[in-house]
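Thank you all for coming.

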Amino acid sequence: MATCQQRGPEDDGLESGKDAKLTADARLMRRVVAGDEDAKRTLLTMLYPRVHARVRYLSRNDTEVEDLTQDTLLNVLEAAPRFRADGCLEAWADVITVRTVTRTMG
């Protein structure tokens with residue numbers, strides 16, 4: 001899975017890896033918001049391992065990890081219209097993951 005990269009001095013004047021990633025994230029999320037089922041599948045497939053790992057880390061109950069992961073991914077889809085594309089998609093999903101887990105466990 002790609003992650004946001006920091007821009008280095010060698011990237012001056014060119015689209016950096018981070019900029020390209022942000023552009024790709026924005027395109028994917030526009031397709032998700034438009035209802036493109038392939039884009040939704042792509043998004044969920046891309047985020048599942050990261051969300052699952054973070055839910056497992058945050059959860060005190062191993063039996064709830066799958067349910068919390070699914071709830072988080074549904075919340076990501078629901079929040080898709082609010083993705084601003086000014087930051088990394090994975091970091092945005094991390095915030096949703098933490099909020100979902102804490103709301104459910106709190």
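Predicted model: local features only at pLDDT ≥ 70, side-chain atom pairs only at ≥ 80, totals over all residues.

Residues are numbered from 1 along each chain as its sequence is written, and side-chain values use heavy atoms, with hydrogens and water left out.

The protein has four helices and zero strands, where helices (H or I, at least four residues) and strands (E, at least two) are DSSP runs numbered from the N terminus. Along the sequence, the pattern reads α-α-α-α. Of the 106 residues, 35% are buried, and buried here means under 20% relative accessible area, with exposed over 50% and partly exposed in between, using a 1.4 Å probe and protein chains only.

How are two packed helices described? They are described by the angle between their axes and the distance between those axes. The axes are lines fitted to C-alpha atoms, for helices over the stretch in contact, and the angles run from 0 to 180 degrees between N-to-C directions.

Helix α2 (residues 37-58) packs against helix α3 (residues 65-79) at an angle of about 135 degrees, and their axes are 9 Å apart. α2 and α3 are therefore oblique to each other, since angles under 35 degrees count as roughly parallel, over 145 as roughly antiparallel, 65 to 115 as roughly perpendicular, and the rest as oblique. Among the residues that make this contact are Leu43, Leu47 and Val51 of α2, together with Leu68, Thr72 and Val76 of α3, where contact means heavy atoms within 4.5 Å.

The second pair is α3 with helix α4 (residues 89-105), which pack at an angle of about 125 degrees with their axes 9 Å apart, and α3 and α4 are therefore oblique to each other as well. The residues that meet here include Leu68, Thr72 and Val76 in α3 and Trp92, Ile96 and Thr100 in α4.

Finally, I come to Asp25, which is placed in helix α1 (residues 17-33). Is Asp25 buried or exposed? Asp25 counts as buried, because its relative accessibility is 3%. Leaving aside neighbours within four places in sequence, Asp25 is in contact with Phe83, Cys88, Leu89 and Glu90.
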